[in-house]
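Hello,

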Protein chains: 2
Amino acid sequence: MGLAKTEIFTDAQNEVAYYAKAFGHPARVAILQYLFKINACVCGDIVNEIGLAQPTISQHLKELKHLGLIKGNVEGTSVCYCIDLEKWATMKNSMERFLNMDLARKDCC
Amino acid sequence: MGLAKTEIFTDAQNEVAYYAKAFGHPARVAILQYLFKINACVCGDIVNEIGLAQPTISQHLKELKHLGLIKGNVEGTSVCYCIDLEKWATMKNSMERFLNMDLARKDCC
DNA sequence: TCCATTTATCGTAATATCACAATAAAACAA
DNA sequence: TTGTTTTATTGTGATATTACGATAAATGGA
């Protein structure tokens, strides 16, 4: 079906999956890293930085924007993207709660 | 194309994407949480715990096993799955390095 | 106004993912 | 051996993802 049965999972589980899915493509990982590196907000030279076509980058940016992890400010003919640090913190919280499951666990099998 | 251009990204970027992709489905998140919760290793009552058909669970388990995050021990007719804590730590390291990009960053835009 | 620049959107081809019914395979019990 | 239980595999339909050429839309400058 290509369609996950989100109804049967908890909000927390769906949230982890939701964010993780966004990081499930190296281009989006690279875009986020680049936006963090270039402290000042940067626009479409992301296309030059990453080796993908402009429509492809635009598509990835749209997904990240939809998640709320980045914001885009229109500046003349170009758009300046940057990380939404508040949202990043929220996401990080959710992901870390998941990743830290191992603390408090003993060995197995 | 439905095919990511992994060649143009760094190993670290691809690794984050690789793990994140696995967490990109709530069923796999739920399976891992369940395996952590049931400290003793657990077999196919994962199917009962999660509300998905047996072949579907088997498929998700296969992916997690392929990643190395879980191990399966055959015990008679059933298979006992458990978290591979060592691999989990490796994965966590990779993910946290990515998630902690924000430390050391100022505000933007 | 007309053109150049930049980004977004559309359309589409190739591939991947998700879910499950049907069935096979493996192991044990009677 | 025959049946039972448990898990894996196969096959398939529905949908999602990735990538990009072509084009539209927006803005500023000549």
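How much area is buried between chain B and chain A, and what share of that area do carbon and sulfur atoms give? This is a predicted model, in which local features need pLDDT of at least 70 and side-chain atom pairs count only at pLDDT 80 or more, while totals for chains, interfaces and linings use all residues. Residues are numbered from 1 along each chain as its sequence is written, chains are lettered from A and ligands numbered from 1 in the order in which they are written, and side-chain values use heavy atoms, with hydrogens and water left out.

The buried area is about 4,200 Å², and carbon and sulfur atoms give 71% of it; buried area here is the accessible area (1.4 Å probe) that two parts lose on being put together, summed over both. In the contact (heavy atoms within 4.5 Å), 45 residues come from chain B and 46 residues from chain A.

Between chain B and chain A there are two salt bridges, each being a side-chain nitrogen of Lys or Arg within 4 Å of a carboxyl oxygen of Asp or Glu. One of them joins the side chains of B:Asp102 and A:Lys92, at 2.8 Å from N to O. On the side of chain B that touches chain A, α1 (11-22), α2 (26-37), β2 (78-83) and α5 (85-99) of chain B each supply at least two residues, where helices (H or I, at least four residues) and strands (E, at least two) are DSSP runs, numbered from the N terminus.

Within chain B, strand β1 (residues 70-75) pairs with β2(B) in the antiparallel sense over six bridges, pairing being called if DSSP finds at least two bridges between two strands. B:Lys71 stands opposite B:Cys82 in β2(B).

Best wishes
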